[in-house]
Amino acid sequence: MAGGPDTSKLGRGSFIVAGGLAGAAFWLTVYPTDVIKSVIQVDDYKNPKYTGSINAFRRIFASEGLKGLYKGFGPAMARSIPANAACFLAYEVTRSSLG
């Protein structure tokens, strides 16, 4: 958005948009990994349903398809966009304040 490493001429709105877009892009790509991690975390440790992350991926994909790897994506994205936008803005405002 700045056309280079100097972000001093960008406004706060640009930082908010950049942070929101970066957060959305990040979660879009890593969300299936987070779903797999979550199902393993809540799995019964005495009688586990999954033997590992690859097994969890295969079983989720086989039973629910790609949609199963994006369970809960809407709420996660609704949280991620404003959180990352605020993080980018806070970082840039702090950085410019410190010189």
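The crossing of helices α1 and α3 is right-handed, a term for the near helix being turned clockwise from the far one by less than a right angle. This is a predicted model, in which local features need pLDDT of at least 70, side-chain atom pairs count only at pLDDT 80 or more, and totals for chains, interfaces and linings use all residues. Residues are numbered from 1 along each chain as its sequence is written, and side-chain values use heavy atoms, without hydrogens and water.

**Helix packing**
- Helix α1 spans residues 12–41 and helix α3 residues 73–98; helices are DSSP runs of H or I of at least four residues, numbered from the N terminus.
- Their axes come within 7 Å and cross at roughly 140°, the axes being lines fitted to C-alpha atoms over the stretch in contact and the angles running from 0 to 180 degrees between N-to-C directions.

**Contact residues**
- Among the α1 residues that meet α3 are Phe 15, Trp 27 and Tyr 31, and the α3 side includes Phe 73, Asn 84 and Glu 92; contact means heavy atoms within 4.5 Å.
- The residues of this contact divide into 16 nonpolar, five polar and three charged, with Gly counted as polar and Tyr as nonpolar.

**Annotated segment**
- An unreviewed UniProt entry lists residues 12–31 as "transmembrane region", and such annotations may be inferred rather than shown by experiment.
- Over residues 12–31 the chain is 100% helix and 0% strand, with the end C-alpha atoms 28 Å apart.

**Salt bridges**
- The structure holds three salt bridges, each a side-chain nitrogen of Lys or Arg within 4 Å of a carboxyl oxygen of Asp or Glu.
- One of them joins Asp 34 to Lys 37, with the closest N and O atoms 3.3 Å apart; both residues lie in α1, three residues apart, about one turn of the helix.

Note on methods:
Helices (H or I, at least four residues) and strands (E, at least two) are DSSP runs, numbered from the N terminus.
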